[in-house]
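Hi everyone, thanks for making the time this morning. Let me put the sequence and the structure up so that we can look at them together.

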Amino acid sequence: MRGIQISQYVKGPKELKVTDLPEPKPRPDQYLIEVHAAATNFFDILQIQGKYQNQPPFPWVSGAEFSGVVLATPGSTQTPKFPIGSRVFGASQGAYASRVCAAEPELLAVPQGWTFTDAAGLFVTAPTSYGALVLRAGVKAGDWVLVHAAAGGVGLAAVQVAKAFGATVVATAGSARKLEVARQFGADHVVDYRDQNWPDQVKKLTPKGRGVDIVYDPVGIVDKSTKCIAWNGRILVVGFAAGQIEKVAMNKVLLKNISIVGIHWGAYARFERETIPVVWEGIGKLIEQGKFKGTVFSDREFVGLESIPDALLALGGRETWGKVVVKIPKEGESKL
């Protein structure tokens, strides 16, 4: 097979090379999957640099999110959930390759009518946003929800989930194109957070200037968000894309009765496994109802393993929106 193997840490995506590699050997509990599309994540960039919390022993194949077709089922079971030929998506180390191994809990069936490209970017973003808004913040009809970095992968997922539950969505982003994308995915109002007065602008949009009920923050701007949140508001701490772990003036949290709530979706597999199928069932219903669609970046196409460095550079350069997904043709198949 072909893939991007890491034998030593690199400075950045430009140094990544596609090489011929031995066929992966699945453990008894793993499926072997032919990769048709692979999604990019910021943590992929950190991992190849040796800066991520999960660093496999050398050598290892990079990439985590993928979609594809089952080639072989686990040897440890006679009744696999996904028979040979099943269309699946999931997350497992080694997605930047023509084949990857993954255990059953790391896989789901590609939704009916979805392409491999759309499904490849679903496994991380959709449950993070659904879990945050529905489980942690209790979003409901009539709520006003502020989504920061609304044109990003988790942001567009959050916009769609909030709208599906009957909320009014205010989206922030840092360019005209990204604000346009947020609107296309359902945001009712958009605000450019390059303007220092964005908290005032957000507050003025809400009924009688009361502020928003829920803030979805994958950036790390909790402190500023306290200026435009309502009494009893909930602030969801989703991530720190701005690059710094911020400090928050806690007197504002007290004065406005604010709840600051974290969401670490990846840890549910360890601490609350029983909630995972509940979340995916909820996402599945939204997909069936046409209220949740794929968020693949479509302004530029990335095809073939050789295009993964460019895809990661585009992602890291903040020039993209949604999920940056690379189509991976079958070996010997044309990229056209």
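This is a predicted model: local features need pLDDT of at least 70, side-chain atom pairs count only at pLDDT 80 or more; totals for chains, interfaces and linings use all residues.

Let's begin with Q30. You'll find Q30 in strand β4, which covers residues 30-39. Is Q30 buried or exposed? Its relative accessible area is 9%, and since buried means under 20%, Q30 counts as buried. So what does its side chain do in there? A polar atom of the Q30 side chain lies 2.9 Å from the backbone nitrogen of R27. Leaving aside residues up to four places away in sequence, Q30 touches K25, T73, P74, C101, A102 and A103.

Now for the aromatics. How many aromatic pairs does a search of the whole structure find? There are 10. I've picked two of them to show you. In one, F43 and Y52, the ring centres are 5.3 Å apart and the planes sit at 20°, so this pair is stacked. Planes under 30 degrees apart are what we call stacked here. Both partners are partly exposed: F43 has a relative accessible area of 23%, and Y52 has 22%.

The other pair is F297 with W321. Here the centres are 5.5 Å apart, but the planes meet at 75°, so the pair is edge-to-face. Where do these two residues sit in the chain? F297 is in the loop between α10 (276-288) and β16 (302-303), while W321 is in the loop between α11 (308-316) and β17 (325-327). The two are 24 residues apart, so to speak a link between distant parts of the chain. F297 is buried at 8% relative accessibility, and W321 is buried too, at 5%.

There is also an aromatic cluster, made up of F89, F123 and W280. And two rings have a charged residue over the face. R87 lies over F116, at 4.4 Å from the ring centre. K293 lies over F185, at 4.7 Å from the ring centre.

Conventions: Residues are numbered from 1 along each chain as its sequence is written. Side-chain values use heavy atoms; hydrogens and water are left out. Helices (H or I, at least four residues) and strands (E, at least two) are DSSP runs, numbered from the N terminus. Buried means under 20% relative accessible area, exposed over 50%, partly exposed in between (1.4 Å probe, protein chains only). A polar contact is a pair of N or O atoms within 3.5 Å; within protein, one must be able to donate a hydrogen and the other to accept it, and residues adjacent in sequence count only if both atoms are side-chain atoms. Contact means heavy atoms within 4.5 Å. Rings of Phe, Tyr and Trp (its six-membered ring) pair if their centres lie within 6.5 Å; planes under 30 degrees apart count as stacked, over 60 as edge-to-face and the rest as tilted. A charge sits over a ring if NZ of Lys or CZ of Arg is within 6 Å of the ring centre and within 35 degrees of the ring normal.
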